[in-house]
Amino acid sequence: MPTSSKNQPLCRPYIRQFYRKNKLPFLGALFAAVMMGAVELGISALIKELMDTMSGTESAFSLSSLLWATLGLMILVVAVQAVDYHAKPRFMKRAMAQYKNYVFEKLSRKSISSFQEESTAAYISALSNDANSIETNYLASRFTLISQCISFFGAFLLMLLYSPILTLVAVGSSLLPIMASLLAGNRLKEAETRVSDRNAHFVATLTDSLRGFSVIKSFKAEKEILALFRECTQSAENAKCRKRKISCIITTIGMVSGAAAQFGVFIAGAWLAVTGRGITAGVVIAFVQLMNYVIAPISQVPEILANQKAARALIEKLASALEINAQSGGTAAPGRLVRGIEIKDLSFAYGEEPVLKDVNIRFEAGRSYAIVGASGSGKSTLLHLMMAAHTTYRGSVCLDDTELRETDSESLYDLISMIQQNVFVFNASIRDNITMFRDFPKEEVDRAAALSGLSGLIEEKGGEYLCGENGANLSGGEKQRISIARSLLRKNQVLLVDEATAALDAKTAWQVFDAILNLEELTRIVVTHSLEEALMRRYDRIVALKDGRIAECGSFDELMEKKGYFYSLFTVSQ
């Protein structure tokens, strides 16, 4: 698991997000934590003076002075709490928002190909369960740690002032348990990382089960999926249970050692009092109070430090994951295609199964192409490779003179857009789903909606109609039209279309193809199962794929004259 010290430089930019443009609230919260530690020491000193005054000690303060000191201390407590009220919540809010935004920004920079190789569940877990742990155990606990450290060391200073001998007893009885608890912290770090891994696996299983609900029901696999879910749940809860047990051990070590330290100090104090070593009643009561500030950190600080170490390990783990397959720039894609897309000796396989074999073709800029073939012939794969969805192919795919594998994805997606068969629709309005939350002139949005056949839906339900989770409030055809409108609105130089009209009725499908083929100065590459003659004649070239190879390429008339593979496909479809 990548959480060693060598990964610490990776996590520094993530930790910096907690404090970026957040220094004033942090300093305010830090000031409040320091002052609260000091206030606790002031209370102990005040109690000591009150007891000495009550017992008639000659050096004691007057009662009126003590009353004024008490009033001043109460005012200070209110002021410190007011600072903490305003500063700490503001710091925490901005810190976690900036951290999550930075993580998502880093994640969004990955290319399609690299992201497809990773588990989305791991990132969901990192931005939910792990983020909660980081907020509680890394950020919030820091202020508690600072306050307790101030109280701890301040208490020892006061104790040293009141009785050096008792202070030495307290120090000696505290060192060993602190060391023992700190050593146990490494086990908590490992346990926290294990919890994170199990949570990620649990989220992945839950996501798959919900997304595949219809498949589970139709194949009557409820019992089997339930068994898998129970196994994942048990594994996650076992990891949490182990973490809780380790936390309990650390807490127990602190409590036992704290109690031992307190009894040791009390016994030593009793001996000093009995032997007449000059300890007043005020000093005894002050030591009782101050020992609380010593015992509490002894029992709590080791666990806080262990939790901090574990939370930092989660940051390192996420930073390492985001560095895997990270896109490192590349050559900018041409802003405008001059010659086109040239594919040479292209071969590709999913695992050991070859899909495309020695494909050679040139898609000339500004022309239209239909890719046809039987199911499994590699049509969709060819389009996805041109979108850089996979970069493990052999051969070359060149945009003019730029190899696709060396192309920066940002500029690539400015050049190419794709209308896919499986459409993802956000739980937002129809208009936001068309524009992808960006600003476009209303006339352009309306034109894209009209060309894709969405005008009727918008007139009926309105552009602000909520689509539902993954388009639950829309039909398959309506979701497909939204996908088409998105691509038409962007006006990219290259438009890839992958069976985009499969969910549309014949009339709407015709309208969509007609709109695509009427677009000027656009390279259009369309995977289609529809072999209507009127449409086929409108393509500049028809590419027929068979078993991952190009069987034929030419115009409709040329291929029909040839009476080869395309002729067979066309004849069967009629």
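Contact here means heavy atoms within 4.5 Å. The model is predicted.

Q: What share of the contacts with a separation of 6 or more comes from residues 24 or more positions apart?
A: Take the contacts in the protein with a separation of 6 or more. Residues 24 or more positions apart account for a share of 78%.

Q: How many helices and strands does the protein have, and what percentage of its residues count as buried?
A: The secondary structure comes to 20 helices and 10 strands. The protein has 574 residues, and the part that counts as buried is 46%.

Q: Which atoms hold 58% of the accessible surface of the protein?
A: The accessible surface is about 28,900 Å². Of this, 58% belongs to carbon and sulfur atoms.

Q: Which strands stand at the edges of the open sheet, and why is one side of each left without a neighbour?
A: The sheet has 6 strands in the order 6-7-8-3-9-10, with mixed pairing. Each edge strand has a single partner strand, so one side of each lacks a neighbour in the sheet. The edges are strand 6 (416-419) and strand 10.

Q: What is the average twist from one strand to the next in the sheet of order 6-7-8-3-9-10?
A: This open sheet is formed by 6 strands. From one strand to the next, the twist averages 20°.

Q: At what angle to strand 8 does helix 17 run?
A: Helix 17 (residues 506-518) lies across strand 3, strand 7 and strand 8 (523-527). Its angle to strand 8 is about 150°.

Q: Which residue is the bridge partner of L399 in strand 5?
A: Strand 1 (residues 340-350) and strand 4 (residues 394-399) pair in the antiparallel sense over 5 bridges. There, I341 stands opposite L399. Strand 4 also runs antiparallel to strand 5 (residues 402-403), joined by 2 bridges. In strand 5, L399 has as its bridge partner T402.

Q: Which residue takes a positive phi in the hairpin of strand 4 and strand 5?
A: The hairpin has 2 residues between the strands. The phi is near 55°, and the residue is D400.

Q: Why do the buried residues of helix 14 line one face of the helix?
A: In helix 14 (residues 442-451), the buried residues are V445, A448 and A449. They line one face because, seen down the axis, they fall within an arc of 100°.

Q: Which helices do the buried residues of helix 14 pack against?
A: The buried residues are V445, A448 and A449. They pack against helix 13 (430-435), helix 15 (455-461) and helix 16.

Q: Why do the buried residues of helix 20 lie on the same side?
A: Helix 20 (residues 565-573) has Y565, F566, L569 and F570 buried. What puts them on the same side is an arc around the axis of only 130°.

Q: Is S196 buried or exposed?
A: S196 lies in helix 7 (residues 164-211). Buried means under 20% relative accessible area. S196 has 1% relative accessibility, so S196 is buried.

Q: With which side chain does the side chain of S196 make a polar contact?
A: S196 touches S125, D130, L314 and K317, leaving aside residues up to four places away in sequence. The polar contact is at 2.7 Å, with the side chain of D130.

Notes. Residues numbered from 1 in each chain as written. Predicted model: local features only at pLDDT ≥ 70, side-chain atom pairs only at ≥ 80, totals over all residues. Heavy atoms only, no water. Buried < 20%, exposed > 50% of the residue type's maximum accessible area, 1.4 Å probe, protein only. Helix = DSSP H or I, 4+ residues; strand = E, 2+ residues; numbered from the N terminus. Arc of directions from axis to C-beta. Pairing = 2+ DSSP bridges. Axes fitted to C-alpha atoms, helices over the stretch in contact; angles between N-to-C directions. Polar contact = N/O pair within 3.5 Å; in protein donor to acceptor, adjacent residues only side chain to side chain. Areas by Shrake-Rupley, 256 points an atom, 1.4 Å probe, with all protein chains shown as cover.
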